[in-house]
Amino acid sequence: MSCAANFRKQISKGLTCSPRHGLLAKRCYSTPQDSQEKVLQNEDDWHTLQETRARQKHIMDRFSRLGSTQSRDNTWQPHHGLHKPPPPKDLTLSSLVAAGAHFGHSSSLMNPNFLPYSYGTRAGITIIDLDSTLPLLRRAVDVTRAIAARDGTIVFVGTRPDLRRVVNKAAERMGSNAYSVGERWLPGTLTNKVQLFGPEVAQTQRVVPDLVILLNPLANMHVIRECAISHVPTIGIIDSNVDPRIVLYPIPANDESTRTAELVAGVLSIAGKEGLERFREQQAAAQAASQRSQRRRS
Amino acid sequence: MSVLGCSRHVMKQASIYRAYATTTSYVPPAADISEAPSGPHQKLKPGSPSFYTGRQNYQDQIRGLESAANLSRLALKKMHLLPLPKFAESSLPPAQTAWKSKITLGGMIGEKLNTSRYRKVTSILNEIDELRRIAQAAGQQTLEESIADVVSMFEREDKETVLARGRRKPVKFDEWGRSYTVGKRKTSSARVWIIPVKAPPPPVSSEAGPMEAEDHAAEAEVTNEVTLGPNPNHSSEPPIPVTTSTILVNGSPLADYFQHPADRERIVRPFKIAGLLGAYNVFALVRGGGTTGQSGALSQGIAKGLAAHVPEVQEILRKSKLLRRDPRMVERKKTGRAKARKAYAWVKR
């Protein structure tokens, strides 16, 4: 948290620092000389800037080896939520709390069907019971892994600007069999596939997926309706103002938090990846067995 | 016990006359495992991860461009060029981009683009172009070329023409060192040729200096060296050689063509403000309009020519609005009015 506070202070001072480059990269570059107004007129000036920065970084790296053993490589960084999610077996209650998954909506807006998953009320909001979230998340993980192990196609749906990167990354991590929808889901994707994709694609390709994972189900009720019509199982992050019965495998958690979405999508994508590996192993074993039987016959 | 046995008998009797049609228990069709699919899937899986967005080609293009931008940023970060300090941002060469049109880009991507999607694509392209400019300014040629390869696919074919549209063309000088410029005011237009007056040789002998350069064949030879008389306050000082210039308008000298002192002043003003009085000879052809229009057109033409000969003077001429084409034109007469603004006499009834 102190890292984030420091980072915000530097931004307010007007320093240019992209969040992706991290705090230490900027700290090791800034010197009193840099704050002066200098015009870089030719290539030599740019080379001087590069050399100065390389020297500063070298000094920082040398001194980083002294003192604290913590470094950028062995501590948690803000971008790890998206790029390095924990594997399902390492999923703990504290990681859910750290991601802010227990914050629900206002208690007055709580859906009565959500009561089994709520822990109580604090500061006017419903606190979600993470003791019920964790086993349900593990169940969703098992479902994802099993579907992927049977060569099933999985679609990650997250239709908010901050969820776009999350679903794209999750689909990328799983590789084949995974798809993502980061912007508005076109109504009729499953129920009107002939018109949307054309008759050839609708007949020759598997348009109807085998699993749909929704990171914001309340905004995508039409997706849920289409999945119900097309008999597609759904997993969804259910907040306290949502009826948990709309999806087949609800995960009661905070749907407004990006970090929770990163955690859930990350964990499910890793499970899907494990399932795909199992499928490939089974295929390889089946192929080897058929080859052996062919040889025996010949 | 007899009561129970009696009731059981009643129940058995009742069961013979059943109210339902089937005798076997009902099994819903979903649980019928004989219909469960077995074996590998027959149909192909969709290829692109953006298949379910409905805009597969566009999303794939966006993904590709974003990954190109990320890779470029990573490469620049390794070279310590990113994050860029604020003072370096102003040292970057300005962005000169001309992307393909919405329709062309849509054809390239394979999907119709609406304005918001086109703007998204161009915004990412502008980001990538900024990274290319950083690499270019720092002299990293290989990286700049690889980024330019990505970006050049989306640039217009006639990019240079489009970028040169707003730019003023530089004034050309011919083999004698004359500049040719055009000035306009109201309905008059002036074509102005300016040539620098040759500096006189150092005053070794008392004889007159060499001739100036000719503007046109019609011009008579005029010595432009004039020596001022002895200064009564400083009699010991040598005489100061001063050059004079000639201004010919439609073949006539300035004083003959423009009788009104205001017109003459308007023409000489650019020289005065630039501090180049007597340094340049001018030959001009003016057409159209009246005296004010022609003198104003000449003034602009002369100012442009002086700015071409002496670029340092451009700033001061621009500030004094002499380089500006005066946009004021004669306002048209309107119906219901005697002239453009003059109204007819107001009558009470």
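These legends describe close-up views of a predicted model. Local features need pLDDT of at least 70 and side-chain atom pairs pLDDT 80 or more, while totals for chains, interfaces and linings use all residues. Residues are numbered from 1 along each chain as written, chains are lettered from A in the order written, and side-chain values use heavy atoms, without hydrogens and water.

View 1. The model has three cavities of 30 Å³ or more; a cavity is a set of points on a 1 Å grid over the protein atoms alone where a 1.4 Å probe fits but cannot get out.

**View 2. Helices at the largest cavity.** α7 (161-174) of chain A and α2 (56-78) of chain B each supply at least two lining residues; helices are DSSP runs of H or I, at least four residues, numbered from the N terminus. α2(B) gives the largest share, four residues. By class, the lining has one nonpolar, six polar and four charged residues.

**View 3. Packing of α9(B) and α10(B).** Helix α9 (residues 261-274) and helix α10 (residues 291-309) of chain B pack at about 15°, with axes 8 Å apart. α9(B) is therefore roughly parallel to α10(B) (angles under 35 degrees). The contact (heavy atoms within 4.5 Å) includes I267(B) and F271(B) of α9(B) and L298(B) and I302(B) of α10(B).

Notes
On a 1 Å grid over the protein atoms alone, a cavity is a set of points where a 1.4 Å probe fits but cannot get out, and a pocket is an open set with protein on both sides within 12 Å along at least five of seven lines; lining residues have an atom within 4 Å of a point. Grid points are joined across faces, edges and corners, and a volume is the space filled by probe spheres set on the points. Ala, Val, Leu, Ile, Met, Phe, Trp, Tyr, Cys and Pro count as nonpolar, Asp, Glu, Lys and Arg as charged, and the others, Gly among them, as polar. Axes are lines fitted to C-alpha atoms, for helices over the stretch in contact, and angles run from 0 to 180 degrees between N-to-C directions. Angles under 35 degrees count as roughly parallel, over 145 as roughly antiparallel, 65 to 115 as roughly perpendicular and the rest as oblique.
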